[in-house]
Amino acid sequence: MRDKVMVSAGNSEAPDKKSFRQVLNKAAPYLFMAPAAVILIFALLYPMAYMMTASFFDWRPSQPFSDAEFVGLSNYVWLLEDEGFFESFFVTFSFAFIVVGIEMVLGVGLALMLERPTRGMSIYRTIFILPMMIAPIAVGLVWRYMYNPQFGIFNKILNGLGIDSVPWLSDPSWSLFSIILADIWQWTPFVMILSLAALQSLSSSVVEAAKLDGASNWALIWHIKIPLMLPVLIVTLLLRLIDAFKVLEVIMILTNGGPGLSTEILALRIFKTVTDSQELGLAAALSNMLLALVLVITVAMFMFNKMRETRSAKIKVTAEQY
């Protein structure tokens, strides 16, 4: 009888230990994620909440936030009635989509060129990557000297060809083109690196099978490589769009938003609202509107990628059925 009691006691302890281990195993991922979650809350979510709250106040740097006057949606209404805001909005869109579109084409093209195992290719890859490694302020200064109307290299080349000098940074019809050219020079290598990584991760068997079927180089690129690279290209496009919407240093050094508002993007307008006008509440409202714009583009890109993956899966299932 005593032995039976001991056995039953031992059996009651085993389920308790087993259930505790199950709970611990389920909680382990959350415990490991807890430090990162705490850092995320204090480094990202708290500043965002603070910025959104500040956008409803008339707040100046000379006063503590507790003394700021609550103005509700006045800051947002003022922005929507400001013609300068819409002009900066249009400049931001024009700049972002032009530079990212050109960088995607050039980056993928360079990746396709550098994919081939040619002698000295590692040196070429290093040279192409160098612009991305330079600080944005240094990039702005270098390009400002190259655009100089008296001793800039671009006007010297034009003069040598018998063409008059171009006011690269002082003419509204040329200023936006000038900052676009500088941004393309600096960030095309970023697209090239990710595209090259995507190309090198492609299945060699698929490519070899297409070659055996008689596919030309162009057909191989358009119908095999580009479709297989599409997930990486979508992420690259999204990253470059987000970064293009908040570029600041190069534009500030080259034109400071001028002449007029021809190159004043939203990020630069936010900076000027804080430093020149010293209206922190208005700058917070402008930042929230820029954040909302980036979120809309991000969600749209992810939805497009999800729809593409769903469509590809359906096509694959249909093909397997037949």
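Is serine 262 buried or exposed? In this predicted model, serine 262 is buried, because its relative accessible area is 16% and the cut-off for a buried residue is under 20%.

**Overall architecture**

- Read from the N terminus, the elements follow the order α-β-β-α-α-α-α-α-α-α-α-α-α-α, and the protein is more spread out than a compact globule, because its radius of gyration of 28 Å is well over the 20 Å that the globule rule gives for 322 residues.
- The C-alpha trace extends over about 110 × 75 × 40 Å when it is taken along the principal axes of the protein.
- Of the contacts that link residues at least 6 apart in sequence, 67% are between residues at least 24 apart.

**Surface and charge**

- The protein has an accessible surface of about 20,200 Å², and carbon and sulfur atoms account for 69% of that surface.
- There are 23 positive side chains and 24 negative ones, with a separation of 16 Å between the centres of the two sets.

**Serine 262 and its surroundings**

- Serine 262 sits in the loop that runs between α10 (249-254) and α11 (266-275), and this loop residue is buried.
- The side chain of serine 262 takes part in a polar contact with the side chain of serine 175, at a distance of 3.1 Å, and the side chain of serine 262 also reaches the backbone oxygen of glycine 258, at 3.4 Å.

**Leucine 199 and its surroundings**

- Leucine 199 belongs to helix α7, which covers residues 172-200, and leucine 199 is buried, with a relative accessible area of 4%.
- Apart from neighbours within four places in sequence, the contacts of leucine 199 are with Ala111, Leu112, Glu115, Lys225 and Met229.
- Between leucine 199 and asparagine 155 there is a sequence separation of 44 residues, and their C-alpha atoms are 39 Å apart in space.

Technical notes: Residues are numbered from 1 along each chain as its sequence is written. This is a predicted model: local features need pLDDT of at least 70, side-chain atom pairs count only at pLDDT 80 or more; totals for chains, interfaces and linings use all residues. Side-chain values use heavy atoms; hydrogens and water are left out. Helices (H or I, at least four residues) and strands (E, at least two) are DSSP runs, numbered from the N terminus. Buried means under 20% relative accessible area, exposed over 50%, partly exposed in between (1.4 Å probe, protein chains only). A polar contact is a pair of N or O atoms within 3.5 Å; within protein, one must be able to donate a hydrogen and the other to accept it, and residues adjacent in sequence count only if both atoms are side-chain atoms. The radius of gyration is taken over C-alpha atoms; the globule rule is 2.2 Å times the number of residues to the power 0.38. Contact means heavy atoms within 4.5 Å. Accessible areas come from the Shrake-Rupley method with a 1.4 Å probe; for residues, only the protein chains shown count as cover. Lys and Arg count as positive and Asp and Glu as negative; His and the chain ends are not counted. The place of a charge is taken as NZ of Lys, CZ of Arg, CG of Asp or CD of Glu.
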